[in-house]
Amino acid sequence: MIELSVKKRLLSAEGSLELMLETTIEEGEFIAFFGQSGAGKTTILRMIAGLETPDSGHIIVNGTPWFDSQKRINLPPAKRPIGFVFQDYALFPNMSVKENLRFALQKGDNPAIVEELIEVIGLRELADRLPAQLSGGQQQRVAMARALVRRPRLLLLDEPLSALDHAMRHKLQDELAKIHQRFGLTTILVSHDPSEIFRLCGRLYHLEQGCIKKAGTPSEIFVKEKISSSFKFVGEVLAIEQCEMIYLLTVAIGTQVVKVMATEREREGLTIGSPIQIVSKAFHPIISPITHDDREQ
Amino acid sequence: MNRLKGHITAIQSSGELSLVDIAYNQIHLTAFMLGKPDEHPEVTVGQDIWVLFKESEVAIAKDFSGSISLRNRLEGYIEKIVVGDLLAEVTLKVGDDTIVSIISRRACDAMKLKVGDHVTALIKANEMTLMEYH
Amino acid sequence: MDAEFWTTMTLTFKLALITTIILLFIGIPLAYFLASTRSRFKPIIETIVSMPLVLPPTVLGFYLLVAFSSEHAFGKFCEEVLGFRLSFTFEGLVLGSVIFSLPFMVHPIQSGLQNLPKSLTEAAQMLGKSRTTILFRVLLPNIKPSLLTGIVITFAHTVGEFGVVLMIGGNIPGETRVASIAIYDEVEALNYATAHNYALILFAITFFILLLVYLVNRSFMHKV
């Protein structure tokens, strides 16, 4: 469990900002800090990691104070057992994939975990390559694996997928979800992408001007309207085509891509990448069993 | 999405299925809903509620007589018609509200619909979706 | 070419080599400190390091000469406690060269370190690594071009320095007489041929050293 109660004055281009945060995060949760850039999301992550020092307050992780301004405790970053994935991945350019992971080993660690993680991220063939020879998605996987070498109990992800294209982002979101399930790590994600948060997180904090504006589950925060219906999906608009006076939206829902009809009014304000909610009455769907052959496709 | 504000006058349930009666002005609307009423706290008798239905689910009748299974009937005047090659978008004025129906161009032509016509919009009860009013 | 010519050339390169090695040991920690510190004293230290760049060599040489003299506390300390004289000796020349070439070693390394993404250091910190481990395993291997530049420029600059050397070393053959001073001397004595020999060798060596730096740095760039 992480108890966070911190204050920090931030100086930004728009002037100064008082970051104030008080919350607890339970063991094994996958939570997100969401908000515009400059809202203080990344700073919170960096304060938990010890890369930045709060002006006052405390950060207590499983009963151990990592920071306490009154008791003058401030554990250096190297002493905090955290996996941190940076927005730019921060892979060491002089080390191969394998060396990047090995570097994360501590004295006395069993090096077998490096091999295991290379297997998990599916980069066995590329293990001897340098980071510069990898694609963005592959680099992201290496950064992820490197963060897991120390077997941290806490994983911090700073906009980890923002540099990737849409398809790769979706793929890696699934992998992140799997990693979270497999290792049961308490995970904190910083993101400004609602569909990413929807797919990954159980709970989120919406930050505005350094303060928590709202906290709750993704549907509580992002879906304003309560509709009584059984078919409700959250997706992301991939394409918008007009046919006469109606529109066809191509929407990614989970790993599926579907087409949905929209009227002019429904389409208003939607652009490629807009997160949307799709609701249908339970009476509509046509149901048929899936044969084995269908599943193969 | 068409959207009308009404208030709930009755809820009749049978197992997982509920039929919700809504009064909209003087008109009586019904909506089918899955799940027991207590799963939907926003749907209780006496509450105001939004009734939503998709434009493509609205049928139009002119000079309508005889009986029909469709429970939701909204009478109004045609305010605007936009025709495409296959589709026609008919905008109706129902009281102070506006609802839109998208039907086939052929039906629109066959019925000789024109602005000012007095018509009835028909929607099946299972196409009506209820949304919390606030 | 006579023996004295070779003595002078050897001395010149011996001085440059020793100075460069000493500066490597001083320059890396100093550059690392300057690149990562948030101390209030950083500007002061940076100024002191950079002074030799703008100060007339004779000014620096003059103060060093005064400090080295056995009448001054520092010179006296060296002579009486450490047992070696600094003024007009090779040891004094090395010390002087270390001081006046300091910015040529520190600046490239410091800017190399500062240009690395901060996240590399932070990522290594998050992996539980100490500052020293981070410096040697993560930072230095990624600024090889800057290191090479620092080493070569320091070496070349030490070979070419004239003013400070003349002030503190004088012109003792085999002890403090380096090539740049020898050229001046030979010209004064109208021995243009000998001056030519010195000048040409310095010219050629400097050219090839710099060429090597640019070629090697280019291959670093291509590799990354």
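Residues are numbered from 1 along each chain as its sequence is written, and chains are lettered from A and ligands numbered from 1 in the order in which they are written.

View 1. Helices (DSSP runs of H or I, at least four residues) and strands (runs of E, at least two) are numbered from the N terminus. An α-helix has 3.6 residues a turn, so residues three or four places apart point the same way.

**View 2. Helix α6 of chain C and what it packs against.** In α6(C), the residues L120(C), T121(C), A123(C), A124(C), Q125(C) and M126(C) are buried. These buried residues pack against α7 of chain C, and also against α1 (41-49) and β7 (82-85) of chain A. After α6(C) comes G128(C), which has a positive phi, near 80°.

**View 3. F84(A) and the largest nonpolar core.** A nonpolar core is a set of buried Ala, Val, Leu, Ile, Met, Phe, Trp, Tyr and Cys residues joined through C-beta atoms within 7 Å. The largest one has 115 residues, and F84(A), A143(A) and L156(A) have the most contacts inside it. Helix α1(C) provides the largest share of this core, 10 residues. Leaving aside residues up to four places away in sequence, F84(A) touches A49(A), A147(A) and L156(A), and also A123(C) and M126(C). A second, separate core has 34 residues, among them I246(A), I8(B), L29(B) and L92(B).

**View 4. Where the chains meet.** Two residues are in contact if their C-beta atoms, placed from the backbone, lie within 7 Å. Of the two pairs of chains that touch, chains A and B have the most contacts, with 17 residues of chain A in contact with 23 residues of chain B. On the side of chain A that touches chain B, β12 (227-228), β15 (256-263) and α8 (264-267) of chain A each supply at least two residues. By class, this side has seven nonpolar, four polar and six charged residues, where Ala, Val, Leu, Ile, Met, Phe, Trp, Tyr, Cys and Pro count as nonpolar, Asp, Glu, Lys and Arg as charged, and the others, Gly among them, as polar. Chain A also meets chain C, through 17 residues of chain A and 16 residues of chain C, and the side of chain A that touches chain C divides into 13 nonpolar, two polar and two charged residues. Chain B and chain C are joined by no contact, and their closest C-alpha atoms lie 47 Å apart.

**View 5. The two domains of chain A.** The domain assignment, which is automatic or from a database, gives domain 1 (2-221) and domain 2 (226-280) of chain A. Their centres, taken over C-alpha atoms, are separated by 31 Å, and four residues of domain 1 of chain A are in contact with five residues of domain 2 of chain A. Helix α6 (residues 194-200) of chain A gives the most to the side of domain 1 that touches domain 2, with three residues.

**View 6. Confidence along chain A.** The average pLDDT, the predictor's confidence in each residue from 0 to 100, is 87 for chain A, and 95% of the residues score at least 70. Within chain A, confidence is highest in helix α2 (residues 97-103), at a mean of 95, and lowest in helix α9 (residues 292-296), at 51. Where pLDDT is low, the predicted coordinates should not be read in detail.

Technical notes. This is a predicted model: local features need pLDDT of at least 70, side-chain atom pairs count only at pLDDT 80 or more; totals for chains, interfaces and linings use all residues. A residue is buried if 20 or more other C-beta atoms lie within 10 Å of its own, exposed if 12 or fewer, and partly exposed in between; C-beta atoms are placed from the backbone.
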